[in-house]
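Good morning, and thank you for coming. Please look at the model on the screen while I describe its pockets and its core.

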Amino acid sequence: MSSHDVVIVGARAAGAATALLLARAGHDVVVVDRARYGSDTLSTHALMRGGVLQLERWGLLDRIIAAGTPPVHRVTFDYGGKPVVIDIRAPLYAPRRTVLDRVLVDAAREAGADVRFGVNVTGVRVDAEGRVTGVSARDADGAAVQYDAMLTVGADGTRSLVARGVSAPVTTAAAHATALIYGHYRDVPADGYEWNFSAHAGSGAIPTNDGRTCVFVGASSERFHRELRWDRPAAMRALLADVSPDLGARVAAGQLDGPLRAFPGMPGWLRRPFGPGWALVGDAGYFKDPLTAHGLTDALRDAELLVHAVDEGLTGAMPMAAALAGYERVRDDLSRALLDTADAIASFDWRLADLQVLHNQFSDAMQEEARFLRALRTPPVRSPLALGA
Ligand SMILES: Cc1cc2nc3c(=O)[nH]c(=O)nc-3n(C[C@H](O)[C@H](O)[C@H](O)COP(=O)(O)OP(=O)(O)OC[C@H]3O[C@@H](n4cnc5c(N)ncnc54)[C@H](O)[C@@H]3O)c2cc1C
């Protein structure tokens, strides 16, 4: 058994970022993940303004750029052949998860966090008063291990074992879900982010590392289950031909590198993200339909919001429960418009002119979020390692 201030389950966008900022603030944090260090996961990876801003504020954007992640200077929305082009001054980036998650993990380790891969958490441990005291797990050799902590953080994604273990209530439930099929292609040029829409489907192109372009198609979850899931290459071709013949032609001339992956869709939620001895961050606490490509940005945002609260709780500046209640309030205030609009977009129950209005609403909420993040003080840095002592 090992004992810590905080144990985090999940070492990707939300968990590794939380570990990084907690370790920089001088707290004893262990983060465990059953996956392999540097592995990929089911996700495309377009970062929006808030996400890029967070990486910059934490001093990590240079590492993303050094990994060869191409800058994105233009975003094009095409509504049935009517393009809206937005040129952006400060570039966006879309690092592969093998790059982004690794950069966050490396930085967390450098700051003093103990990050362990190949550890499968099997249960949440609760004392006689109902307070979470840590987790039980199996390490990479299959041996039973226990991590005790003052706070257990579930950063373990949409199927969060921590959220289930503490019966975290869903406070807001979305209704709609988009299914996505995507792959990474060689020799498919893309002029920045491209999002294309027809009456019943979407597609997009996201330039990324190693000269690859991530190409996706999306449709309602019902349609995926009814007709698209049986033959992914055929579904990809058919939706591209419907939504964006131009992107379809570029894809036909390129080469698929790796598998075509599919996400069947899952309606979003906000869950209560805290209770006695536990907290949730990232998808575990707040998930929204991925067609708007904003989950990573929000995971990085919420990692920092959570760390402010946990730091106040651990240092005694505020009772932990009050600090975590503040985390929930701010997270929800920043998330509701994003969640509701993403849900309306995922309904596919719009005309293209209405969709444009929904995208404008989403953009307003993103700008509000970016304004908030610009004004947010960075969490304290106390760790001698992070201070370079
Ligand atoms: C198809 C698809 C496309 C997307 N595209 C985009 C996009 O373009 N842009 C964007 O911003 N967002 C996108 N998202 C959303 C984004 O992927 C998520 O918001 C993001 O991954 C959330 O990060 P996280 O750290 O909360 O969870 P995850 O990335 O899911 O990480 C959770 C980690 O917890 C670990 N874990 C789970 N259970 C256990 C356990 N019991 N024991 C140990 N470890 C455990 C897992 O191994 C995993 O590594 C997309 C999502 C999907 C599904």
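Six elements each supply at least two residues of the lining of the largest pocket: α1 (13-24), β2 (29-33), β6 (120-126), α5 (161-165), β10 (178-186) and α9 (295-315). Helices (H or I, at least four residues) and strands (E, at least two) are DSSP runs, numbered from the N terminus. On a 1 Å grid over the protein atoms alone, a pocket is an open set of points where a 1.4 Å probe fits, with protein on both sides within 12 Å along at least five of seven lines; lining residues have an atom within 4 Å of a point.

This is a predicted model, in which local features need pLDDT of at least 70, side-chain atom pairs count only at pLDDT 80 or more, and totals for chains, interfaces and linings use all residues. Residues are numbered from 1 along each chain as its sequence is written, and side-chain values use heavy atoms, without hydrogens and water.

In the largest pocket, 48 residues form the lining, and Thr 41, Leu 42, Gly 157, Thr 158 and Asp 283 lie nearest its centre.

Let us turn to the second largest pocket. Which element gives the most to its lining? That element is α11, with ten residues. The lining has 25 residues in total, and those nearest the centre are Phe 77, Ile 86, Ser 363, Met 366 and Gln 367. Besides α11 (352-375), β3 (72-79), β4 (82-92) and β11 (193-197) each supply at least two lining residues.

Finally, Trp 195 has contacts (heavy atoms within 4.5 Å) with residues including Phe 77, Ile 206 and Phe 216.

Technical notes
Lists of a residue's contacts leave out its neighbours within four places in sequence.
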